[in-house]
Amino acid sequence: MKEYILKRLLLFIPTLIGTALAIFILLRVLPGDVAEIILSGPAGQGSFAHEDVLRLREDLGLDKPIYVQFGQWVWDMVRGDLGESYVTRRSISAQIKNQIPVTLQLAALSALTVAAVGIPIGILAAVRRDSLLDVILRGWAILGLATPSFFAGLLVILGLSTIFRWMPPVGFSHMWVDPVVSIQQLVFPALALGFASNGLLLRMMRTQLLEVLGDDYVRTARSKGLSNTIVIWRHAVRNALLPVVTTFGFQVGALLSGTVVIEAVFSVPGVGGGLVAALLSRDLPMIQIYIIYFAVLALVVNLLVDLTYAWLDPRIRYE
Amino acid sequence: MRNLISKRGLAGAMLVIVLLATLACSSGDDSVPAAPTVAVPSSADTGTSAASTDGAPVYGGTVTVPATGSWAFDPASNVFGFSWQKLGAGGNMWNELIRISPTDRETFEGDLAESWQMSDDGLTLKVKLIDGIMDHEGDPFTIEDVYYQLFRYVERPNKTPANTQACLRTYVKKVLDESGNKLAEPGLEITGTHEISIRFTAPRASTIACLGSPSVLYTPSKYTKAIDDAGGGYRDIDPDKGEYVGTGPFKIDMNNYEVGARMVWERNPNYFKAGLPYLDSIEHVLMSDDSAILANIRAGRLDVLGPLAPNFRMSEMQQLKKDLGDKILLHPHAQYRWEGIQLNVQDPALGPVGDPNADKVRKAIRLAVDPQEYIDGLYDGEGTIMVGFNLRDTWINTLEGWYSDMPAFNPDPASRAKMVVDAKQLMVDAGYGPDNKLSLLYLCATPTQHKCEAVAGQLNRDIYVDITVALGGGYGATSEKVRKGDYQIMSTAHNGRFADPDAMTLNVYPLWPDGGRNYTNGWTNDKFWDLHAKQNVEPDKTTRGGYLREMAKIVYEDAAMISIATGPNFWINRGNWRGYTPPPDPNVGYSLENVWLAP
């Protein structure tokens with residue numbers, strides 16, 4: 001197992017280099033000159049002379065050949081220097097250091113709500129198969145799957161503000177500073193973010209449980225006179241959970257990337273909102289680091305899912 | 001048992017949600033902002049100009065504003081744009097030397113300046129600084145600081161393209177020669193312990209307006225000098241390095257400064273204006289999504305919206321006002337912004353000026369563009385025609401006068417119908433017709449596509465042209481093509497930067513010594529520049545207005561720079577604000593030093 005983990009970790013390196021190269025080149029072949037965009041200002045109303053553009057390009061190192069720029073960037077990253085934002089002129093590591101915990105809190109809370117709601121409701125729908133409740137729950141799941149998270153977010157905001165005239169407190173408080181305020185600020189973004197995953201998990205749990213409930217060993221358990229609770233919780237649910245956990249693992253990855261939209265909608269100062277702001281202002285160094293961050297996250301989540309899979313099913317061995 | 005399992009499952013699942021929701025909704029906040037902690041100041045404390053029409057001013061409270069723009073600030077930076085953070089820094093973090101009164105929004109008054117005196121020839125302005133001003137760190141703010149900031153605007157030692165202070169570089173004499181040596185008679189000179197003399201290249205009617213621009217702000221030189229001496233690199237002053245220090249009524253609270261998240265400007269207890277400000281703080285929170293901003297205004301979490309929030313339509317603001325009633329105050333006003341098209345007179349179909357056929361085509365286009373239709377389509381009918389100058393300046397011309405001088409602006413249906421007939425005839429006279437349309441390429445920055453299509457649609461419908469809108473990408477990519485002259489028509493928009501008609505002339509037409517954006521439509525007109533020179537030195541407002549009117553007519557007749565209209569602008573603040581006069585256009589300061597919150 002250790003060897004497998006080491007191999008997987010080593011595979012991170014070429015994957016990240018490939019990602020870095022792709023994003024670096026893609027950002028530079030996009031139309032539009034970064035120096036001009038910066039000089040044009042946020043609303044594009046800035047005026048400037050051509051010499052200003054040339055000077056800024058030189059300042060930002062954009063006048064150098066692209067391979068030199070890439071080499072410099074990779075070398076800086078290897079040395080732990082993530083660079084400086086073109087727009088804020090501040091250290092990227094300082095900015096992202098503040099944003100990562102926010103996004104992780106949001107994603108964790110969202111994952112918690114997804115697991116806490118999706119799995120039990122999925123079990124309930126399976127147990128009450130074809131009842132009115134099942135139909136309603138399935139409808140809810142399909143609604144979740146069909147609703148983009150940004151739209152769910154907007155509905156939540158509008159609902160809270162127009163019906164209840166209430167909104168979460170503005171700004172952001174870390175969980176370890178003020179947990180109550182932090183939850184007030186994050187619970188609605190987390191629910192909106194997890195709406196689709198909720199639906200998916202609900203459907204997955206229901207389907208898997210129904211399949212397991214028809215298996216011979218469940219019938220055997222029942223014939224032994226075990227109570228329904230024990231049959232379901234001890235025998236059926238545990239076995240049905242395996243693919244659900246795998247799906248949940250991938251959904252955690254999706255939740256983390258989904259923060260890009262939800263953070264912008266709910267004004268949560270995390271990595272996702274930062275990426276949107278960086279994209280809008282063509283802040284290339286920031287965008288590059290954000291993409292690398294998401295790539296690392298995806299790799300780690302995939303690895304964790306694989307490891308969890310082996311833990312849940314002792315028959316699985318990684319050589 | 002089956003039911004039991006279901007109930008337990010459901011209860012377990014919902015418990016977490018209920019717990020979270022309970023926690024989330026347990027705040028004591030409600031839709032009405034909390035009343036500030038009240039302390040009635042003594043009369044000595046309030047010996048200021050705070051307009052109290054609703055009882056005596058009270059101290060305390062925080063106003064929360066959405067942070068939508070960049071978090072990097074420097075008044076001498078080009079990207080000192082139109083987010084509230086940037087405009088609001090003027091008058092709150094920093095002061096002006098001379099400013100437009102925040103009370104009447106019309107007259108000029110001293111801010112850092114105790115007094116000022118213009119020489120009889122209009123070439124030298126002496127400004128006396130108020131004695132005893134301290135910056136946010138408790139250090140004296142001196143006339144040397146004023147000198148250095150003005151020097152920064154004029155000479156740009158930081159190499160920052162500070163376009164917002166372009167009028168200073170145009171008006172004020174250079175301080176250094178090309179070798180970096182001080183000129184014998186420099187544009188800036190300290191002439192007393194608290195006095196600076198500013199010398200101008202020529203007398204100008206708009207000098208004080210330029211100096212009183214909300215973008216001409218002053219920072220202590222102790223940090224800016226260090227930046228410039230470090231090699232003249234392109235860098236803003238940086239709060240992380242403790243450089244964000246001003247003299248204004250509010251100072252940055254570094255304990256509550258998180259880039260891209262939240263920023264607090266707290267009351268400056270040593271503000272040089274006794275008893276001010278009333279508010280405890282101004283809080284900026286990241287809020288980049290428009291729907292979230294509106295929802296937060298509705299929920300009472302934000303106290304300010306505007307100015308220049310181009311993504312919001314006036315109809316949305318009116319609905320907001322209708323829904324919230326007295327809880328908010330909505331102040332719509334015209335935006336001092338030139339929005340129109342420029343025709344490349346270097347292109348054989350459209351120029352040069354004086355070519356009989358090209359002149360007819362340009363005039364036909366001028367007549368066929370219907371500003372009112374543009375306003376109706378793009379701005380829900382709430383925009384304003386842009387004749388080249390601010391319609392509020394009735395000393396230049398009245399609305400009827402503008403319609404008479406420039407009938408293409410007249411929305412009267414009969415007049416419009418005549419314009420289209422005349423335009424068609426001009427096109428026929430130029431050799432075009434229904435079977436022989438003039439093909440034109442309309443270069444358009446992608447973000448303004450809807451505006452380009454609004455204009456192109458009108459023209460394609462009404463006269464014998466076949467205009468293709470070509471998206472040039474973002475503003476940067478488009479301006480590269482413009483610089484190369486690779487277009488026939490293109491959209492242009494510019495804001496006036498200070499409260500004087502000359503702001504528009506400076507910004508719209510290629511007048512700057514440092515080239516502006518290097519527009520290359522090739523238009524110029526000697527008579528226009530003669531009149532411009534005359535109005536510069538004309539002290540009599542009526543006579544100056546006449547010159548400006550003539551200039552507008554020349555631009556209209558030449559039809560190379562076709563102004564159309566501007567969108568509406570607005571300012572929203574919460575209904576419990578007192579002592580605040582909303583700005584009538586974006587070119588005034590946004591100081592909240594006099595604002596207090598009614599309990």
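Which residues are linked with Arg129(A) in a network of salt bridges? The legends below begin with that network.

**Figure 1. A salt-bridge network in chain A of the predicted model.** Arg129(A), Asp130(A), Asp134(A), Arg138(A) and Arg206(A) are linked in this network. A salt bridge is counted where a side-chain nitrogen of Lys or Arg lies within 4 Å of a carboxyl oxygen of Asp or Glu. Side chains of opposite charge can pair when their charged atoms come close. Over all chains, a search of the whole structure finds 32 salt bridges.

**Figure 2. Packing of helices α6(A) and α8(A).** Helix α6 (residues 132-146) and helix α8 (residues 179-213) of chain A pack at an angle of about 135 degrees, and their axes are 7 Å apart. α6(A) is therefore oblique to α8(A); angles under 35 degrees count as roughly parallel, over 145 as roughly antiparallel, 65 to 115 as roughly perpendicular and the rest as oblique. The crossing of α6(A) past α8(A) is left-handed. Helices (H or I, at least four residues) and strands (E, at least two) are DSSP runs, numbered from the N terminus.

**Figure 3. A nonpolar patch on the surface of chain A.** Leu21(A), Ile25(A), Leu26(A), Val29(A), Ile66(A), Tyr67(A) and Val68(A) form this patch, and together they have about 650 Å² of accessible area. Patches are made of residues with over 30% relative accessible area and no salt bridge, nonpolar side chains (Val, Leu, Ile, Met, Phe, Trp, Tyr) being joined within 5 Å and like charges within 9 Å. At least two residues of the patch come from each of α1 (2-29) and α4 (66-78) of chain A, and α1(A) gives the most, with four residues. Tyr67(A), in helix α4 of chain A, is exposed, with a relative accessible area of 63%.

**Figure 4. Two salt bridges in chain B.** In the pair formed by Arg99(B) and Glu593(B), the closest N and O atoms are 2.8 Å apart. Arg99(B) lies in strand β3 (residues 98-100) and Glu593(B) in the loop between β23 (577-578) and β24 (596-597) of chain B, so the pair ties together parts that are 494 residues apart in sequence. Arg99(B) is buried, at 4% relative accessible area, and Glu593(B) is also buried, at 2%. The side chains of Glu137(B) and Lys222(B) meet in a salt bridge as well (2.8 Å, N to O). Glu137(B), at 39% relative accessibility, is partly exposed, as is Lys222(B) at 32%.

**Conventions.** Residues are numbered from 1 along each chain as its sequence is written, while chains are lettered from A and ligands numbered from 1 in the order in which they are written. In this predicted model, local features need pLDDT of at least 70 and side-chain atom pairs count only at pLDDT 80 or more, whereas totals for chains, interfaces and linings use all residues; side-chain values use heavy atoms, with hydrogens and water left out.

Definitions and conventions:
Areas by Shrake-Rupley, 256 points an atom, 1.4 Å probe, with all protein chains shown as cover. Buried < 20%, exposed > 50% of the residue type's maximum accessible area, 1.4 Å probe, protein only. Axes fitted to C-alpha atoms, helices over the stretch in contact; angles between N-to-C directions. Left-handed = near helix turned anticlockwise from the far one by under 90°.
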